[in-house]
Amino acid sequence: MSTENEGTAVPPAPSAPPVPVDAPAAPAPEGQASPGPGPYGQDSQGRPAPGQPAPGRGAPGDAAHHGVSSSAPDPSWPPPPPPTSPYGDGGSGSGGGWGSSYQQPAPKSGRGRGGLVAALLVAALVAGGLGGGLGYTLAKNNDDSSGSTTVSASSSGGDVKRDPGTVAGVAARALPSTVTIEAESNSGEGGTGTGFVFDKQGHIVTNNHVVAGAVDGGKLTATFPSGKKYDAQVVGHAQGYDVAVIKLKDAPSDLKPLTLGDSDKVAVGDATIAIGAPFGLSDTVTTGIISAKNRPVASSDGSGSQASYMSALQTDASINPGNSGGPLLDAQGNVIGINSAIQSTGNGGFGTGQSGSIGLGFAIPINQAEYVAQELIKTGKPVYAKIGASVSLEESSGGAQISKEGAGGAAAPVEPGGPAAKAGLKPGDVITKLDDRVIDSGPTLIGEIWTHKPGDKVTITYERDGKQHTVEVTLGSRVGDN
């Protein structure tokens, strides 16, 4: 579940090997190790994921982000996820592939079959060209005669009109309002991601991990498909939500914000369109469907900072490193999510070490992202809903257990006077549902709480001493990531 924004150069496509001349089948290499599976997720930048769940469990997926976060959330909520091994550990081995050299067998005596094949290929190409020329000449002559049987097209095809509801129509409207973001830190390290126009004042919404490296004095630019490039600055960023807002300097007056949809009304099977800059290839459009909703995802940018948590929209639209922060659109061109993370199986190809799409991408629902963006524009700081209790982040399928001790022993597991305490929750209680959502782990609970706003009332189902209880909780608020 990772979105990648490193902008690693894509190697040129390999040239085709020469036609083999009765080459014997090469034996399969012996002792080649198969790559091992990676963690459940990583961000679309291809970075390692925290907290890989056990196989067969309903634990949330982990995903890695595009950039390096600069700040960590309050240690008491949520606690840091457990460290995991870097994503993409796999076996090594030699074998054929695009990078392998082609060994031509020794030529046979006399005129070989290979020479005949080559001759036939060349002859076919020449004949094709000759036939085309003759065909054109004959058609032209017939067209000039009164008895012509040639059927001519009514037009040259230059004025093709596409319905607004087609993928081409949606892309034509949305592309001018998307940007490719280049972020560079003070140390010179940089990455590439995507963003989209949020309002006419020049605010661009993207992922936190896309711009995190440029937060403290780094360089940030946004380039439109037209080629116009603008310097930009970070207005605010929310590490926990993985949402950030930047603003263009000297923004043009003709900006067209993308229309925001309603992610709560999205259904499994709905068509999706993703726009981004995978592996630095700007203005790329891919399509798919919503393959699941409310998918619990914990993703990390691999910098050792706190993870982000989301109850994500899952899509099979192709999302790769550099798609992070780009819009996920519905069939009408409305933004329903922000592409943020992908599930991947291991190291990417081409020797980049980055992982690519296997058809499991994850987007932050736009209803949540819109609220976060508005708060960042107003105050520059994120506002998180909270229940006022620390929960265990260990793998589990039975629910989210309220910690028996505070984070690092520095804080009480249940905040005195906080929402959980007022509702009668205690350390050791296991939360199994929030409203109608089944809670199978701490990260799932965090992601679900953060889909709400402070002041919302939620119903929590929990177990204590083998008995089930239900209580209403009014969510509190926490400002900032620290």
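Analyst: Start with a definition. Two strands count as paired if DSSP finds at least two bridges between them. Keep in mind that this is a predicted model.

User: What joins strand β16 to β17?

Analyst: Strands of a sheet pair through backbone hydrogen bonds, either parallel or antiparallel. Here, strand β16 (residues 400–401) is joined to β17 by 2 bridges, and the two run antiparallel. Look at Gln-401: Val-430 in β17 stands opposite.

User: Which residue of β19 is the bridge partner of Ile-431?

Analyst: Tyr-462. β17 and strand β19 (residues 457–464) are antiparallel, with 4 bridges between them.

User: How many residues lie between β17 and β18 in their hairpin?

Analyst: There are 2. Strand β18 (residues 437–438) pairs with β17 in the antiparallel sense over 2 bridges. Leu-434 faces Arg-437 across that pairing.

User: How many residues of β17 are buried?

Analyst: Buried means under 20% relative accessible area. In strand β17 (residues 430–434), 4 of the 5 residues are buried, so the strand is mostly covered.

User: In what order do the strands of the barrel close?

Analyst: Trace β3-β4-β5-β8-β7-β6; these 6 strands close into a barrel with antiparallel pairing. From one strand to the next, the twist averages 40°. Val-179 has Gly-195 in β4 as its bridge partner.

User: Which strands does helix α4 lie across?

Analyst: Helix α4 (residues 366–379) lies across β4, β5 (203–206), β7 (229–238) and β8 (243–248). The helix runs at about 55° to β8.

Methods:
Residues are numbered from 1 along each chain as its sequence is written. This is a predicted model: local features need pLDDT of at least 70, side-chain atom pairs count only at pLDDT 80 or more; totals for chains, interfaces and linings use all residues. Side-chain values use heavy atoms; hydrogens and water are left out. Axes are lines fitted to C-alpha atoms, for helices over the stretch in contact, and angles run from 0 to 180 degrees between N-to-C directions. Contact means heavy atoms within 4.5 Å. Buried means under 20% relative accessible area, exposed over 50%, partly exposed in between (1.4 Å probe, protein chains only).
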